[in-house]
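Reader: Could you go through this structure with me, a few residues and helices at a time? I am still new to reading such models.

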Amino acid sequence: MSGPFTVGFDLDMTLVDSRPGIRACYEELAAETGVPIDAELAVSRLGPPLEHELAHWFPAADVPALADRYREMYPEFAITGTIELPGAREATAAVRAHGGRSIVVTGKYEPNAKLHLTHLDIPVDAVIGDLWAEQKAEALREYGAGVYVGDHIGDMRGACTARAYAVGVPTGPCRPDELRAAGADVVLADLTEFPAWLDRWHD
């Protein structure tokens, strides 16, 4: 390959480990509402939209308002507790080194996704939020992404729908075999392997 290209990355459990902050948000929401939430269980299955998780704990009619409240409290409870996953910064740097651009396509509320990247100083060229699974193909196509990297089977489905090369990293809730079954073209151990893989793929 030659010339400019675009690589898309998922956010939660691909570039960042947001479990501590998300756990804190669920615990605060449980305290506010008086409804028990198993925060450990919730953070063990990150990937689908927030509303899907809230529906496990609250009546459907209450979910939209509680999702708004969760997103409102998120900057206070979730940003500083989130850490960069190994290789995240090096992965986006590798894309830049090849003359490409990195975008983040995530199911997370976009303003909160941007807060994470700013706080951790992970440079990317664009952030597109509120997209899950096949919906991610909309942004991948719009930005002309030839590669999409993610930890969830939903990410692999989005990449396949966009006809992007699907790179799986089993740093989230999905096993390597699950990522492959969902369409991953390659599965890396984590993002520390991404720069060397990109060198081979781009050449």
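Reader: Leaving aside residues up to four places away in sequence, what does Tyr109 touch?
Author: In this predicted model, Tyr109 touches Arg71 and Asp130, when residues up to four places away in sequence are not counted.

Reader: And where does Tyr109 lie?
Author: Tyr109 lies in a loop, the one between strand β4 (101-105) and helix α6 (110-120).

Reader: How far apart are Tyr109 and Asp155?
Author: In sequence, Tyr109 and Asp155 are 46 residues apart, while in space their C-alpha atoms are 16 Å apart.

Reader: Asp155 makes me curious about Lys136, so what does Lys136 touch?
Author: Not counting residues up to four places away in sequence, Lys136 touches Asp155 and also Asp10, Val105, Thr106, Gly107, Leu131, Tyr148 and Gly158. The side chain of Lys136 is joined to the side chain of Asp10 by a polar contact of 3.0 Å.

Reader: Which helix holds Lys136, and is Lys136 buried or exposed?
Author: Lys136 belongs to helix α7, which covers residues 136-142, and Lys136 counts as buried because its relative accessibility is 1%, where buried means under 20%.

Reader: Switching to Thr6, where is it found, and how accessible is Thr6?
Author: Thr6 is found in strand β1, residues 6-9, and with a relative accessibility of 4% Thr6 counts as buried.

Reader: Which polar contact joins the side chain of Thr6 to another side chain?
Author: The side chains of Thr6 and Arg101 are joined by a polar contact of 2.6 Å. A polar atom of the Thr6 side chain also lies 3.4 Å from the backbone oxygen of Tyr143. Both Arg101 and Tyr143 are on the list of residues that Thr6 touches, which also includes Ile103, Gly144, Ala145, Gly146 and Val147, again without residues up to four places away in sequence.

Reader: Now for helices: how is the packing of two helices described?
Author: Two packed helices are described by the angle between their axes and by the distance between those axes.

Reader: Then at what angle do α1 and α4 pack?
Author: Helix α1 (residues 19-33) and helix α4 (residues 63-77) pack at about 125 degrees, and their axes are 9 Å apart. The two helices α1 and α4 are therefore oblique to each other, and their crossing is right-handed.

Reader: Which residues meet in that contact of α1 and α4?
Author: On the α1 side there are Gly21, Ile22, Ala24, Cys25, Tyr26, Glu28, Leu29, Glu32 and Thr33, and these meet Leu66, Arg69, Tyr70, Met73, Tyr74 and Phe77 of α4. By class, the residues of the contact of α1 with α4 are 10 nonpolar, 2 polar and 3 charged.

Reader: What about α5 and α10, how do their axes cross?
Author: The axes of α5 (residues 88-97) and α10 (residues 194-202) come within 9 Å and cross at roughly 20 degrees, which makes α5 roughly parallel to α10. The crossing of α5 and α10 is right-handed.

Reader: Which residues make the contact there?
Author: Helix α5 contributes Glu90, Ala91, Ala94 and Val95, and helix α10 contributes Phe194, Pro195 and Leu198. The contact of α5 with α10 has 6 nonpolar residues, 1 charged residue and no polar ones.

How values were computed:
Residues numbered from 1 in each chain as written. Predicted model: local features only at pLDDT ≥ 70, side-chain atom pairs only at ≥ 80, totals over all residues. Heavy atoms only, no water. Axes fitted to C-alpha atoms, helices over the stretch in contact; angles between N-to-C directions. Helix = DSSP H or I, 4+ residues; strand = E, 2+ residues; numbered from the N terminus. Parallel < 35°, antiparallel > 145°, perpendicular 65-115°, else oblique. Left-handed = near helix turned anticlockwise from the far one by under 90°. Contact = heavy atoms within 4.5 Å. Nonpolar A, V, L, I, M, F, W, Y, C, P; charged D, E, K, R; others polar. Buried < 20%, exposed > 50% of the residue type's maximum accessible area, 1.4 Å probe, protein only. Polar contact = N/O pair within 3.5 Å; in protein donor to acceptor, adjacent residues only side chain to side chain.
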